[in-house]
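The following questions and answers concern the packing of one protein chain. Please look at its sequence and structure first.

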Amino acid sequence: MKAVVYTEYGPPDVLRIAQVEKPAPDENQVLVKVHAASINTGDYFARAGKPFLFRFFTRGFLKTKNTRLGTDVAGRVESVGENVKRFRPGDEVFGCRNGAFAEYVCAREGLLVLKPDNISYEQAAAVPWAALVALQTIRDAGEIQSGQKVLIQGASGGVGTFAVQIAKAFGAEVTAVCSTRNLDMARSIGADHVIDYTREDFTRNPQRYDLILAINGYHSLFAYKRALNPQGIYVCGGGTLGQIIQAMLFKSFVSRKGGKQMRQMGRAKVIQEDLAFLAELLEEGKIVPVIDRSYPLSDIVEAFRYIEENHAQGKVVIQVAQGR
C-alpha cells in the first residue's frame, strides 16, 4: 500500500510516498481503509524535530525512528479481529491511529467510533485530535459551567475552532480572539463576541471572564490573571516556548486558593467515550469542522508547506481515497 514516510528530520521535502506492507489486524484490531486524514501541529513538529523536545516522542535524536506521520483517520472498516465487538466490515468510522497518512491502518477498537451519516469522511478526519484537545481542556482543566463567560485566544486554528463550538455546546457565552481576516469565520461558528487582537488587547479591557483558554498565548500570567473573574480559571494551551515554560514554573505561585487559578493544558488522551460525545455533537450539528484546504495524498509535501507558511483557518485535510 502507499504511505507517507520520512527517515530524517527537516522541512516538508523530507516526506515521500512509499510502498509499504499493508497491515493485518490482530485479534483486537480493526483494519480501516483510509478515506481521509488531517494534519495536526504535532505532525510537523515531529517531522521537523523541533522543538528538540519532540525528539523524545519520535524516539530518535539524530534521526527519527518513527517514520510515519498522521493521527486523525476516517474511513471504512475492511476487516476486524476475532475479539472486536463494536465494529464490522463496512462500518464508517473515525478516530485516532498513528501512521494515518496511508491507504490502510490498523487500530484498536477503543480508538474509533462510528462516523455520523451527516458528515463526510473529510469532515470526520478533521475532528479527532484537535477536538479531543479542545474538549478535555475546556471540560477538565477549565471546569466549564453553563452560563459562564469564556474567552478563546487563538480561536481560528484547529483546536480553537472546536473550542469555540464546544464551549457553546456547554452553554457558555463565548468571546473569540483572532486576527481581522478570521472574525467573520469566528462569528459563523457561534462566537457571541469577537476581538481582533491586532487592534485590541483584551487583558486591558474592563470585561472579565470565568474561563480563558489561551491556545496561542503571548501575554504574561499576570495579564491573564487580571482578565479573570475572582474565581476564574486560565488555561495555557500553547504559545511560545517561553509562555509554556512560564506557565509550568509559575502557575502554582500565581494561583490563589479559593480564587483565580492558572493552569496548563495536559496531554490529551484518546478516550472512546469522548470520541462518541464528539460524534453526537457532530450529528446534532453543534460542532461543524472548519476545513481550510484539502490535498490528495500525493500532494502531502505541498499540504505541509501550506500549513506551515500560513495561518490556516481550522484544519488542512488529506484525501486518501475517493468517497463521501
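Contact here means heavy atoms within 4.5 Å. This is a predicted model, in which local features need pLDDT of at least 70, side-chain atom pairs count only at pLDDT 80 or more, and totals for chains, interfaces and linings use all residues. Residues are numbered from 1 along each chain as its sequence is written, and side-chain values use heavy atoms, with hydrogens and water left out.

Q: Which residues is Leu-278 in contact with, leaving aside its neighbours within four places in sequence?
A: Leu-278 is among the residues with the most contacts inside the largest nonpolar core, a core being a set of buried Ala, Val, Leu, Ile, Met, Phe, Trp, Tyr and Cys residues joined through side-chain atoms within 4.5 Å. With those neighbours left aside, its partners are Val-127, Ala-131, Leu-132, Leu-135, Ile-166 and Ile-287.

Q: What percentage of the 324 residues is buried?
A: Buried means under 20% relative accessible area with a 1.4 Å probe, counting protein chains only. By that criterion, the buried part of the 324 residues is 53%.

Q: Which residues of helix H10 are buried?
A: Helix H10 spans residues 300–309, and what covers its buried residues includes helix H1 (41–48). The buried residues themselves are Ile-300, Val-301, Ala-303, Phe-304, Tyr-306 and Ile-307.

Conventions: Buried means under 20% relative accessible area, exposed over 50%, partly exposed in between (1.4 Å probe, protein chains only). Helices (H or I, at least four residues) and strands (E, at least two) are DSSP runs, numbered from the N terminus.
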